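Q: I have not looked at this one before. Can we go through it piece by piece?
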Amino acid sequence: MGKKVTVVGAGFYGSTTAQRLAEYDVFDTVVITDIVEGKPAGLALDLNQSRPVEGFETKVVGVTTGANGEGYEAIEGSDVVVITAGLPRKPGMSRMDLLETNAKIVRQVSENVAKYAPNAVVIVVSNPLDEMTALAQIATQFPRNRVLGQAGMLDTARFTNFVAEALSVPVKSVKTLTLGSHGDTMVPVPSKSTVDGKPLREVMPAEQIEELVVKTRNGGAEVVALLKTGSAYYAPSAAAARMARAVAEDSGEVMPVCAWVDGEYGISGVYLGVEAAIGAEGVKRVVETDLDADELASLKEAAEAVRAKQSDIANM
């Protein structure tokens with residue numbers, strides 16, 4: 001059996017994710033769905049016509065879905081489902097401002113995923129990310145390892161890019177890490193960040209690191225403010241597609257993701273940004289990394305802030 005991946009939502013984020021997944025050429029089929037009549041079919045037609053140019057065989061299928069689950073039979077047998085459905089932020093909005101609207105959408109999508117793709121690994125990218133990941137798990141009733149969120153990959157990529165630009169070095173020479181929540185309690189981890197193998201703190205003054213930490217935390221809002229009509233999608237889709245690929249290839253690659261934490265770092269019972277090995281069953285295991293005292297305290301603080309909000313979404 002060939003691999004199948006579904007992307008729910010055909011906005012900029014969803015369509016770019018579908019394109020990346022198709023161009024990897026590791027899936028037989030990429031399904032893209034949306035509630036806008038004809039849009040996913042049009043995107044699929046366009047993407048399929050790029051196959052001779054880009055040299056990939058993956059078939060893209062576009063399906064319009066309805067409020068009562070019409071069309072979802074097309075996702076049957078999916079190994080991975082990426083949920084991008086929901087409203088993007090507008091300038092001045094926080095991720096939390098989207099909570100109630102997107103909760104309704106994510107719950108409805110998740111219930112249909114559970115019905116038609118009961119063995120899938122679900123990757124959530126809808127905002128507010130940590131809360132929507134928890135909600136998707138509640139709504140699907142899937143084992144927690146099979147529902148995870150995309151945030152840390154993106155935040156880490158932003159941090160890495162900012163460090164590389166500040167030091168005028170190639171991005172591949174920089175390694176950074178961000179944990180915690182996708183929002184105000186994001187925890188960039190300078191103690192685990194290096195440039196050409198040297199600790200970041202040896203090559204950059206503390207106040208400049210702190211500036212880049214703040215810039216990373218506000219990375220999404222900066223893009224939203226400049227675009228004025230939507231939010232980031234190139235970097236986020238790259239991150240989500242890499243996670244889906246790790247599942248499809250059962251690679252065991254360690255990535256910063258939003259995963260269920262149960263005892264690691266002395267934290268239990270919450271979806272939180274941590275490093276995890278990703279494979280066919282979703283999260284194979286959470287990988288604990290040595291944090292300094294301040295970073296660990298910040299991670300625990302993030303866990304409590306996220307826990308408070310996640311307890312609110314169960315009834316949404």
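A: We can begin with two strands. This is a predicted model, and in it strand S13 (residues 268-279) and strand S14 (residues 282-287) run antiparallel, joined by five bridges.

Q: OK, another sheet. What is the order of the strands in the open sheet of three?
A: The order is S7-S10-S11, and the pairing is antiparallel.

Q: Which are the edge strands there?
A: Strand S7 (174-175) and strand S11 (198-199) are the edge strands, since each of them pairs on one side only.

Q: How many bridges hold S7 and S10 together?
A: Two bridges link S7 to strand S10 (residues 194-195), in the antiparallel sense. Within S10, Val195 is the residue that stands opposite Val174.

Q: Switching to domains. Where does the assignment put them?
A: The domain assignment gives domain 1 as 4-149 and domain 2 as 152-314.

Q: What separation do their centres have?
A: Taken over C-alpha atoms, the centres of domain 1 and domain 2 are 22 Å apart. Their contact takes 37 residues from domain 1 and 40 residues from domain 2.

Q: Which residues of H1 and H10 meet?
A: From H1 they are Tyr13, Thr16, Thr17, Arg20, Leu21 and Tyr24. From H10 they are Tyr234, Pro236, Ser237, Ala238, Ala240, Ala241, Arg242, Ala244 and Arg245.

Q: How do the residues of that contact of H1 with H10 divide?
A: Nine are nonpolar, three are polar and three are charged.

Q: How about H5 and H11, at what angle do they cross?
A: Helix H5 (residues 129-140) and helix H11 (residues 293-313) cross at roughly 40°, with axes that come within 9 Å. H5 and H11 are therefore oblique to each other. H5 passes H11 in a right-handed crossing.

Q: Who makes the contact of H5 and H11?
A: H5 brings Asp130, Glu131, Ala134, Leu135 and Ile138, while H11 brings Val306, Lys309, Gln310 and Ile313. In that contact of H5 with H11, five residues are nonpolar, one is polar and three are charged.

Q: One more pair. At what angle do H6 and H8 pack?
A: Helix H6 (residues 152-167) and helix H8 (residues 206-217) pack at about 140°, and 9 Å lies between their axes. That makes H6 oblique to H8.

Q: Is the crossing of H6 and H8 left-handed or right-handed?
A: The crossing of H6 and H8 is right-handed. On the H6 side the contact is made by Asp155, Arg158, Phe159, Phe162, Val163 and Ala166. On the H8 side the contact is made by Gln208, Leu212, Val213, Lys215 and Thr216.

Q: And how do the residues of the H6 and H8 contact divide?
A: Six of them are nonpolar, two polar and three charged.

Definitions and conventions: Residues numbered from 1 in each chain as written. Predicted model: local features only at pLDDT ≥ 70, side-chain atom pairs only at ≥ 80, totals over all residues. Heavy atoms only, no water. Pairing = 2+ DSSP bridges. Helix = DSSP H or I, 4+ residues; strand = E, 2+ residues; numbered from the N terminus. Axes fitted to C-alpha atoms, helices over the stretch in contact; angles between N-to-C directions. Parallel < 35°, antiparallel > 145°, perpendicular 65-115°, else oblique. Left-handed = near helix turned anticlockwise from the far one by under 90°. Contact = heavy atoms within 4.5 Å. Nonpolar A, V, L, I, M, F, W, Y, C, P; charged D, E, K, R; others polar. Domains from an automatic or database assignment.
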